[in-house]
Structures are given as structure tokens and as C-alpha cells.
Amino acid sequence: GECTHVLDWTLSPKFGEAEVGEVIIFKGDKIRFVHSSDDGLAHDLYKMAGENSLETCDFGGSDRLAGVGEVSIGHDVSFDEAGVYRFACSIGCNVAALAPEQQDNSFCHCAIGQTLTVQVKDSTDGLRCHDHAQERHDHAADSFAPPASSPLVCPEGTENARATNNPAYQAMNENECSEQCASAIAVSFMPGVELGSCIDLGFVSNPQTYTVRPDGSPGDIEVRVTSNADAETMVADDEEERESTCHCHSYEEIVCPEYETEADTLYEEHIEEINEFCQGILDGTEQDCPYKCFQPMEVLHLHYLECSSRPIDPMYVSVNDTNKCHIAAAAPEGVSADECPAVDLTSLSTAKPAPSDTVEKEDSSLPTGFVIGISLAGTIVGLSVMCGLVALCFFKCRKPANQYEGGEKDGEKDVSSSEGSTAHFGESSELP
């Protein structure tokens with residue numbers, strides 16, 4: 001909660017460059033309805049009485065929240081209770097009509113599509129919370145580096161420059177100071193940076209070196225961060241900071257690839273959304289991550305952590321690396337450590353290759369020698385059977401040597417001379 005979402009309140013409402021008709025936010029959030037587009041039109045703002053009122057653009061019983069002038073400079077609507085809220089513009093609509101069928105809505109902004117449905121969730125509804133603080137310390141006093149004894153040694157043409165309580169240079173709070181080497185001219189263009197060493201201000205504890213690239217910087221900058229607190233205090237502060245990083249994301253159940261069916265399209269839909277709506281973050285045309293970019297990004301963030309078998313999409317990695325679209329809600333009070341587990345984000349920084357389509361199966365084949373033996377045995381048995389059949393045919397099926405077709409031989413009668421339909425073989429005469 002406590003986020004302010006800026007909505008361009010036009011005929012086609014937009015968060016950034018993404019057109020929206022329905023959004024999901026959390027208790028404590030605000031939406032700023034502002035007519036920032038130069039479309040030559042005027043717009044007001046009504047909170048509609050219900051779903052049917054929105055569908056029919058019937059403004060009877062609805063509440064007028066802001067006029068044209070208020071919308072032109074921006075009107076904030078706070079959402080302190082969970083529920084569904086509906087908004088529309090009444091310009092061009094016959095608001096005073098007794099019934100919707102009596103209205104002349106030929107250019108009614110509501111009928112054209114200038115509406116918004118807002119679903120407000122409780123901060124614990126549909127959320128998954130976790131902690132992935134990038135810890136700098138080992139949470140033990142003896143693990144901190146020895147104090148810095150002198151300023152950084154800077155190359156010729158550069159000077160020591162410092163920044164305190166400036167996260168852009170890795171000085172994350174008022175007890176930290178970031179030091180670098182830069183030319184005086186360059187320092188004049190660095191917000192929050194001044195000439196001088198952190199040592200001069202008493203920041204000497206636990207020196208750590210980081211590489212940063214602040215917004216607008218043409219390249220990476222190496223900085224040394226030191227603290228003005230003693231080791232014991234830093235341990236306590238570090239633990240407190242780590243505990244405060246528990247946060248929550250909007251959760252949608254997406255099945256892992258090994259269980260997907262043709263009906264499971266939610267993952268691909270979110271990939272299409274980040275490809276369409278996150279491009280401005282990558283090319284620098286947008287500095288604030290639009291709703292239709294960060295909403296699928298946080299859902300995918302949880303899915304990738306939950307489903308290690310899913311190859312991480314390269315577009316997700318590129319957007320995630322900008323560190324502009326990791327939007328989250330603060331964890332509700334009283335969330336326990338079990339409800340906010342620490343997660344490792346290392347796996348999300350690189351796109352994993354898609355798994356091979358070839359599944360390595362267990363080798364169930366028989367030993368080669370065994371197969372050869374079985375084959376030879378089968379061949380021998382086959383030949384034996386064949387020889388048996390040939391022999392049987394030879395001894396049982398051939399004509400006796402003393403019988404010949406076409407006449408008598410040794411007292412045998414010709415078969416063809418027998419009467420009747422049945423062949424009768426004559427009895428052989430006795431040999432003299």
C-alpha cells in the first residue's frame with residue numbers, strides 16, 4: 001500500500017503508455033486521475049453507483065468527485081477499504097436523464113470507453129511475502145574490515161569526492177559515506193556529491209568497495225563506502241535493516257512447465273505483456289515503471305522463485321536488471337519470519353536455457369552377449385524346425401516309387417480308371 005499510481009484520464013485511460021480498463025491495487029494506495037494529454041478535450045470524474053451503472057453509463061446515484069479543472073491538475077482518490085470501485089467521465093453524457101434509454105450518448109465519454117474499474121485488495125490478500133536483502137555484512141563484529149586510515153589515492157586530474165546518505169552511490173543511510181575519484185567538473189554534475197574525503201567527516205569504519213552506475217552516468221564508477229558507526233552498532237543496524245526489507249508481491253498461480261496443458265496460458269500472457277509494456281523502461285523513454293509492466297513482472301518474479309524448472313525469459317532479465325520495476329507492498333505488521341522467508345535472487349539475474357526436448361531415459365536394454373546368445377539359439381531352433389518340416393514332407397507327402405500317373409504298374413490300377421467320385425487305390429498283386 002501507500003503507492004500513488006498516476007493515471008492519464010483520457011478517452012482511453014492509461015498508466016504510462018498502457019491502456020487500462022481494470023486494475024488491482026492494495027489498501028492504502030492512491031490513484032491520481034490527471035488529464036495530461038493534449039487531446040483538446042475536457043474530462044471530469046464520477047464514482048459510479050455500481051456495475052450496471054458503469055455498463056449503461058447511468059450517472060443517477062453516482063458521486064461527482066472532480067470537475068474539469070481539478071482533473072486537469074490531478075485529483076487523488078485514496079483507497080482505504082478493500083472492494084471494487086468504478087469510475088467514469090460524464091462529459092457528453094446526458095447525466096440528468098431519467099433513464100439510460102433516454103440519453104443521447106453519441107459522444108458520451110463513458111460510452112466511448114473512459115471508465116476504470118479498480119479492485120482493491122487487503123495488503124495480505126493474494127500476496128506472497130519474502131525477504132531478499134543484499135546483505136553486506138556477516139552479522140558479526142569481527143567480520144568487518146579494518147578501519148580506513150586515509151583517503152583514496154586518486155589519479156592525476158581527479159580529486160576525492162564524497163556523498164553521504166546517497167543510495168545512488170551505495171551510501172544507503174545517514175551513517176554511510178561513499179567516496180570516489182572524479183574531476184571537479186564531473187562532480188559539479190553529480191547530485192548530492194561534493195569534493196572531499198569521507199575520512200574528513202569521520203566515516204572510517206568497515207570500508208567496502210562497490211561498482212555503481214547512477215542514472216545519467218555514462219559508465220560504471222568504483223566507490224568506497226565507509227561508516228561512522230562502530231562495529232557493534234553496525235551489526236545491530238544491519239540486522240534491523242535486514243528485517244525491514246520484508247515485502248510482498250501480487251501472486252497468481254502459474255503451473256510449472258512440466259504440468260502445463262493447452263489451457264494453461266497465463267505464463268505466456270504475462271511474457272507478452274512485459275514485451276509490449278516494458279520496452280519504454282529499456283529504451284529510456286520511461287523512468288517510472290508502468291502498471292502493465294510491473295504487475296506481470298512481480299507475478300513472474302514469484303513464479304521463477306517458485307518454479308526452478310521454468311527457463312527465465314531474457315526480456316524479464318533485461319527489465320529486472322534496470323531495478324525500476326521491482327514494485328512491492330510493505331509487509332503487514334506482525335508478519336513472522338516464517339511468513340517472510342529469505343530468498344536467493346542469484347538465479348534470476350541470468351536467463352536459463354530452455355530444457356532439452358530429448359529426455360534421457362534409463363537404459364533398459366539387455367546385455368549384448370545375452371542378446372547375441374538368444375539370437376543364435378533362436379536361429380538354431382528355427383533351422384531345426386525347418387529341417388523337420390522338410391523331412392516330414394519328404395517321407396509323408398511324396399508318391400510311392402511304384403506308383404505313376406497315367407496307367408498301371410506292377411498290378412496297380414490307374415486312379416483315373418476308378419469309378420465314382422472317390423479315388424480308390426487297387427490292392428497290389430503279390431509278386432511272383
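This report describes strands, disulfides, cavities and a pocket in a predicted model.

## Basis of the model

Because this is a predicted model, local features are reported only at pLDDT of at least 70 and side-chain atom pairs only at pLDDT 80 or more, while totals for chains, interfaces and linings use all residues. Residues are numbered from 1 along each chain as its sequence is written, and side-chain values use heavy atoms, with hydrogens and water left out.

## Strands and sheet

Helices (H or I, at least four residues) and strands (E, at least two) are DSSP runs numbered from the N terminus, and two strands are taken to pair if DSSP finds at least two bridges between them. Strand S6 (residues 45–47) and S7 run antiparallel and are joined by three bridges, with Ala-66 of S7 as the bridge partner of Leu-45.

Strand S5 (residues 30–34) pairs with S8 in the antiparallel sense over four bridges, and the bridge partner of Phe-33 in S8 is His-75. In a regular strand the side chains alternate between the two faces of the sheet.

## Disulfides

A disulfide is a covalent bond between the sulfur atoms of two cysteines. With a disulfide taken as a pair of cysteine sulfur atoms within 2.5 Å, the count comes to eight. In one of them, Cys-129 and Cys-248 have their sulfur atoms 1.9 Å apart, and the torsion about their S-S bond is about 90°, so the disulfide is right-handed. This pair links distant parts of the chain, with Cys-129 in strand S11 (residues 127–130) and Cys-248 in strand S17 (residues 247–250), 119 residues apart. Cys-129 is buried with a relative accessible area of 18%, and Cys-248 also counts as buried, at 1%.

Cys-154 is joined to Cys-181 by a disulfide with an S to S distance of 2.1 Å, and this link is left-handed, with -80° about the S-S bond. Cys-154 lies in the loop between S11 and strand S12 (159–164), and Cys-181 lies in strand S13 (residues 176–182), 27 residues apart. Cys-181 is partly exposed, with a relative accessible area of 27%. Cys-177 and Cys-198 form a disulfide with their sulfur atoms 2.0 Å apart, and both residues are buried. The torsion about their S-S bond is about -75°, so this disulfide is left-handed. Cys-177 lies in strand S13 and Cys-198 in the loop between strand S14 (194–195) and strand S15 (205–212), so the pair ties together parts that are 21 residues apart in sequence. By contrast, the sulfur of Cys-89 is 6.9 Å from the closest cysteine sulfur, in Cys-93, which is too far for a bond; Cys-89 is buried, with a relative accessible area of 0%.

## Cavities and a pocket

On a 1 Å grid over the protein atoms alone, a cavity is a set of points where a 1.4 Å probe fits but cannot get out, and a pocket is an open set with protein on both sides within 12 Å along at least five of seven lines; lining residues have an atom within 4 Å of a point. Grid points are joined across faces, edges and corners, and a volume is the space filled by probe spheres set on the points. The structure holds three cavities of 30 Å³ or more, and the largest cavity has a volume of about 170 Å³. Its lining comprises 16 residues, of which Ile-24, Phe-26, Asp-29, Phe-294 and Glu-298 lie nearest the centre, and H8 gives the most to this lining, with four residues.

The second largest cavity has a volume of about 60 Å³, and its lining includes His-249, Glu-298 and His-326. The second largest pocket has a volume of about 360 Å³, and of its 15 lining residues the closest to the centre are Thr-4, Val-6, Asp-288, Cys-289 and Pro-290. Strand S1 (4–8) and helix H8 (291–306) each supply at least two residues of this pocket lining.

Conventions. Buried means under 20% relative accessible area, exposed over 50%, partly exposed in between (1.4 Å probe, protein chains only).
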